[in-house]
Amino acid sequence: MNKANFDFLADMLLKKSGHVLAPEKGYLLDSRLGPIARKEGAASVDELITTMRSRNDERLNWAVTEAMTTNETFFFRDRTPFDLFKSEVIPHLVENRKPGVKARIWCAAASAGQEPYSLAMILREERSALRGMQMDILASDISGKVIEKAKAGIYSQFEVQRGLPVQLLVKYFQKQGDMWQIDPSLRQNINFKTFNLLESFRQLGSFDVVFCRNVLIYFDQKTKQDILNRIAERMPPDGFLFLGAAETVLGLSNAFEPIAGKRGLYRRTQIAQAKVA
Amino acid sequence: MKQCLVVDDSRVIRKVARRILEDMEFSCSEAEDGAQALNECRKAMPDAILLDWNMPVMNGIDFLRALRLEDGGDQPVVVFCTTENDMGHITEALRAGANEYIMKPFDSDILGAKFTEAGLI
């Protein structure tokens, strides 16, 4: 791809989604944007971008942004965070929340729904440990397309075989033709929403637990800091944050600190509490 | 090194599965049908069995039921690996004592994920 086109694309992506397109990620362009190029009748991805530069068509710009920010995921991805949610977070909330008060979880980059549904399955399996506590999940993603897929809760045979134990497949899914649909009752406590992390979080309310996994890696340093600090503002003093295995708060934000021995799990710090209070 | 018995009437599938499993540091033996597999198990119980459903002589589900009645036959972790992909077959397999279930086609990601689910990795 010629440099002017690459720069245009990188700039647009940064403005629309905050995602940084590093030159070494150039290999992604053909697989991600090839289908759009074909649909638009462009001979190549390069030609597609040239067209975008001359047209400034918002619909096309957004389709490209969406294609570049959509990432594959799977049920119970990395396992540890879900084990920690069960062993650390649920007992803490049950202990420390008043009866009758709903706890709230936010999956900030929910993609096609595997993460919120994994949590919903855990909440169902751990019903007795919850001692009547209700938990609501907000599942958001920048891409309206993946949020639609998440809402439908329909997955391919390939998708239901990565990370999902077969016992849970049998318990919570129904086969529909070649696809598998998740039990609609699991959707009851999940609210799906298209949401860009660059927007203000105020409208979303507050959260006891935030899963923000494998998304900060796409942002520049300043945006990472900003997102982490704004998440902290949406939390009570004992809020929990989950980050991806390759992510950290160190050097980015004083609002969170890692919990020793609990990989990927962070809690709000006194500093953040003083600042927000 | 953990032992895995690969049971499938297709030589190609056995070869593909074996290559993936050996990359995951399993040592593999093979059987072409349930009866051969049962003989193998009577010689030495493997840690894991990757098991096709439809095979001549003795099919996978009959093998599994027979295995679970053998001395030490409750030990191997059994992962079905079959084109049968409806709920009826899956629940029947679980009731017969299968630990995990792979719907073909499979690749190394799925095999790795399922062996992890089954506690083999």
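Two residues count as in contact here if their C-beta atoms, placed from the backbone, lie within 7 Å. Keep that cut-off in mind for this tour of a predicted model.

**Stop 1: Gln176(A)**

Select Gln176(A). Its place is in strand β4 of chain A, residues 173–176. Leaving aside residues up to four places away in sequence, Gln176(A) touches Ile154(A) and Gln181(A). Gln176(A) and Ile154(A) are 22 residues apart in sequence, yet 8.6 Å separates them in space, C-alpha to C-alpha.

Is Gln176(A) buried or exposed? Gln176(A) has 9 other C-beta atoms within 10 Å. A residue is exposed at 12 or fewer, so Gln176(A) is exposed.

**Stop 2: the sheet of chain A**

Now show the strands of chain A. Look for an open sheet of 7 strands with mixed pairing. Trace the order β6-β2-β1-β7-β8-β10-β9. Which strands stand at the edges? Colour β6 (190–194) and β9 (256–258) of chain A. Each has a single partner strand, so one side of each is left without a neighbour in the sheet. From one strand to the next, the twist averages 20°.

**Stop 3**

Pick Ile137(A) and look across: Ile190(A) in β6(A) stands opposite.

Next, bring in helix α7 of chain A, residues 144–152. Helix α7(A) lies across β2 and β6 of chain A. Its run makes an angle of about 160° with β6(A).

**Stop 4: the two domains of chain A**

Colour chain A by domain. The domain assignment gives domain 1 as 3–69 and domain 2 as 80–276. The C-alpha centres of these two domains of chain A lie 29 Å apart. Select the contact between them: 6 residues come from domain 1 of chain A and 10 residues from domain 2 of chain A. What is the make-up of the domain 1 side? In chain A, that side, where domain 1 touches domain 2, divides into 1 nonpolar, 4 polar and 1 charged.

**Stop 5: chain B against chain A**

Finally, show both chains. Here 15 residues of chain B are in contact with 8 residues of chain A. On chain B, select α4 (87–95), β5 (100–103) and α5 (108–117); these are the elements that give two or more residues to the side touching chain A. Which element gives the most? That is α5(B), with 5 residues. Colour this side of chain B by residue class: 8 are nonpolar, 2 polar and 5 charged.

Definitions and conventions:
Residues are numbered from 1 along each chain as its sequence is written. Chains are lettered from A and ligands numbered from 1 in the order in which they are written. This is a predicted model: local features need pLDDT of at least 70, side-chain atom pairs count only at pLDDT 80 or more; totals for chains, interfaces and linings use all residues. Helices (H or I, at least four residues) and strands (E, at least two) are DSSP runs, numbered from the N terminus. Ala, Val, Leu, Ile, Met, Phe, Trp, Tyr, Cys and Pro count as nonpolar, Asp, Glu, Lys and Arg as charged, and the others, Gly among them, as polar. Domain bounds come from an automatic or database domain assignment. A residue is buried if 20 or more other C-beta atoms lie within 10 Å of its own, exposed if 12 or fewer, and partly exposed in between; C-beta atoms are placed from the backbone. Two strands pair if DSSP finds at least two bridges between them. Axes are lines fitted to C-alpha atoms, for helices over the stretch in contact, and angles run from 0 to 180 degrees between N-to-C directions.
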